[in-house]
Amino acid sequence: MDVKRIIKDALILCAITLIAGLALGATHEVTAPIIADVREAKAQATYKEVYPEAVSFEERDSVPNVISVSKLAIANQGFGDVSIDDCLLAKDAEGKTIGFLVTATSNEGYGGAVQISVGIDRETRALTGVGFLTLNETAGLGMKAKEPLFRDQFPGKKADRFSVVKSGTAGNSEIQAISGATRTSKAVTGAINAAVYFINNCFELDD
Amino acid sequence: MLAKLLIIAVSSCLVSNVVLSQFLGICSFVGVSTDVKTSAGMGGAVVFVITLASAVASLIYNYVLTPLNITYLKTIVFIVVIAALVQIVEMFMHKCMLSLYNALGVYLPLITTNCAVLGVALTNAQNSFGFVESVVNGFATALGYCIAIILLAGIREHMEGNDVPHSWQGMPIVLITAALMSISFFGFSGIM
Amino acid sequence: MKNNKYLERIYNGVWKENPLFVLVLGTCPTLAVTTSATNGFGMGLAATAVLILSNIIISALRNVIPGKVRLPAEIVIVASLVTVCDMLMEAFTPELYDSLGIFIPLIVVNCIILGRAEAFALKNKPLVSAFDGLGMGLGFTVALVLIGGFREILGAGTIFGLKVMPAGYTPISIFILAPGAFLVYAMLTALQNKLKLPCATNGDAKDPDHVMCDGNCTMCRIHSLAPTAETINAPKKPAAKPAEPKAETPATEIKEN
């Protein structure tokens, strides 16, 4: 066996990999800040859609703790397999907290997890809007959740617990189902209920 | 924890089947599925390699790439590790487990370029799965591949005597079969 | 005369040896991302960029890379290019990046890239290899846009996101779902069969010698090393191992990473 040849081959391969690695590192340096900006802008845009009146959104250090404490209580409410992922404070131009932005997930969609962002007003406890962060439902059926027909019904609705109606006009505490996608509608409703419950019963604002 | 693992397993094995809904590994799915025996061999080799590859890739991703903050190197690291892993497994099998090598070994070199292997490793990283979750997900995905390719091979064996219109012979009828299988696998979405 | 050589590569890639319709390479991303014309276009362009660059680099290094570590070296080069492409797309075309998802990193295992590296770039000068990459990439893009457009019109009633079907048209959603991909592809190959157009997967294909892969990625490595009629017609015997075992390399690769 030609040891010299093997070493030479290995060295060339090393050199190629090294150059490739350096090139990747350089590209990463250039693109990483841009990617971070793009992600931030995307998240802000979703928040704005869900809570149009708010000017900025703020994190609260105590939130992860509250979420883990309230986990069991929410699981026992019969909203299905739901969880609260995050909660931001919605601030107006003067920095006053005017409401909450809750991120909640239901694992009972037709295609797996449905993760939504729910805006809830601080005073009235009415919904300000709902946005979809993760939705892998069937195209043409469950995916219609993203369309205005379903989404635009949420702003202004208020209830401790929403229920799904399939036909007729939905009342204030009812959510009109997407036709042909009852399961998706129920998953979304479950996640909204969890978010409302979380704000009403678990989360205390201390300022 | 156990429930979560079960959900991962059912979801990647049946609901979002790797071939029929994720379209990974289509090439070997269509190319090797001419008879059940070959398909079973290929399926076995894929289960073996994907499970091993997701374990190794997950260890590297979680304990080397993430701490060093160089996760952007994942594609290149995974593909090189998979290629090397397949070579090592093949050599090891050839030396130490000859009977297993005779059953699965011939398929091993073919798997390096199977996009399902890299696909699973990348999905694990994307979903930030831990070690156990990665291995379960890898195994279930590969099992899904195995089920799909053996089913297709069974159907193709039966189709051999059928009178298929000339234009549809060969690849087209196989794809139509895959389409019908894909429709029926949709039914699994409801069990989640 | 000199120009013709380059134009010929483009004609070859787009029409004569269209990677998707004639060579049947890269079926996985084809089926997965052609849910809309826009997605097909994005995927096609990403693959084209990688293809041109990988052809140039591999062709330029063809006398430097030792035969024994050729495949690992090629894989490393392609994987780095794909990662660069991935990062650039995430930064500058975030929407497209989201809809193509995992299929951008999977360009690494797209048979077209390694197939062209093996079949063309290793034997030709960088400039003509670049044009080969451009031709093949354009051919791939055109094919993806056609399939994506077809599925989008039937499945959503739109093309490039614009509504084209009359208001009364109910979209046949199945065409943008997974089974639709198989159906459309099946119809396409059946049409090629019917018209006796050259296609690597069809029995009637004449001159199988320039065909790289019979719809079976697992075979393409072998074919590209020895693309003879025997290997192509014997897909049932996968026993053939790569012509050049790279037994010494794994140890170094692992140390590297």
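Hi everyone, let me start with chain C: among its contacts between residues at least 6 apart in sequence, 68% join residues at least 24 apart. Two residues are in contact here if their C-beta atoms, placed from the backbone, lie within 7 Å. Before I go on, this is a predicted model, where local features need pLDDT of at least 70, side-chain atom pairs count only at pLDDT 80 or more, and totals for chains, interfaces and linings use all residues. Residues are numbered from 1 along each chain as its sequence is written, while chains are lettered from A and ligands numbered from 1 in the order in which they are written.

So, staying with chain C, what elements does it hold? There are 11 helices and two strands, and from the N terminus on they run α-α-α-α-α-α-α-β-β-α-α-α-α. Helices (H or I, at least four residues) and strands (E, at least two) are DSSP runs, numbered from the N terminus. Of the 257 residues in chain C, 59% are buried. A residue is buried if 20 or more other C-beta atoms lie within 10 Å of its own, exposed if 12 or fewer, and partly exposed in between, with C-beta atoms placed from the backbone.

Now for confidence. pLDDT is the predictor's confidence in each residue, from 0 to 100. Chain C averages 76, and 75% of its residues score at least 70. Please take care with residues 204-257 of chain C, where pLDDT stays under 50, even though the model has 126 contacts beyond four places in sequence for them. Where pLDDT is low, the predicted coordinates should not be read in detail. Chain B averages a pLDDT of 87, with 97% of the residues at 70 or above. Within chain B, helix 6 (residues 108-111) has the lowest confidence, at a mean of 72, and helix 8 has the highest, at 93. For the model, the scores are ipTM 0.87 and pTM 0.79.

On to chain A. Its domain assignment gives domain 1 (1-50) and domain 2 (56-202); such bounds come from an automatic or database domain assignment. The centres of these two domains of chain A, taken over C-alpha atoms, are separated by 38 Å. How many residues of domain 1 of chain A are in contact with domain 2 of chain A? Four are, and they meet 10 residues of domain 2. On that side of domain 1 we have two nonpolar residues, one polar and one charged. For these classes, Ala, Val, Leu, Ile, Met, Phe, Trp, Tyr, Cys and Pro count as nonpolar, Asp, Glu, Lys and Arg as charged, and the others, Gly among them, as polar.

Between chains, 21 residues of chain A are in contact with 25 residues of chain C. The side of chain A that touches chain C has 13 nonpolar, five polar and three charged residues.

Let's walk along the strands of chain A. Two strands pair if DSSP finds at least two bridges between them. Strand 2 (residues 82-91) of chain A pairs with strand 3 in the antiparallel sense over nine bridges, and A:Val82 stands opposite A:Ser106. Their hairpin has five residues between the strands, and A:Gly95 there takes a positive phi near 85°. Strand 3 (residues 97-109) of chain A has 10 of its 13 residues buried.

Nine bridges also join strand 3 of chain A to strand 4, again antiparallel, in a hairpin with two residues between the strands. Here A:Ser106 faces A:Val114, and A:Leu101 stands opposite A:Gly119. Strand 4 of chain A is mostly covered, with seven of its 10 residues buried.

Next, strand 4 and strand 5 of chain A run antiparallel, joined by seven bridges, with A:Ile116 opposite A:Phe132. Five residues lie between them in a hairpin, and A:Arg125 in the turn has a positive phi of about 60°. Most residues other than glycine have a negative phi. Is A:Arg125 buried or partly exposed? It counts as partly exposed because it has 15 C-beta neighbours inside 10 Å.

C:Phe160 lies in the loop between strand 1 (158-159) and strand 2 (162-163) of chain C. With 13 C-beta neighbours inside 10 Å, C:Phe160 counts as partly exposed.
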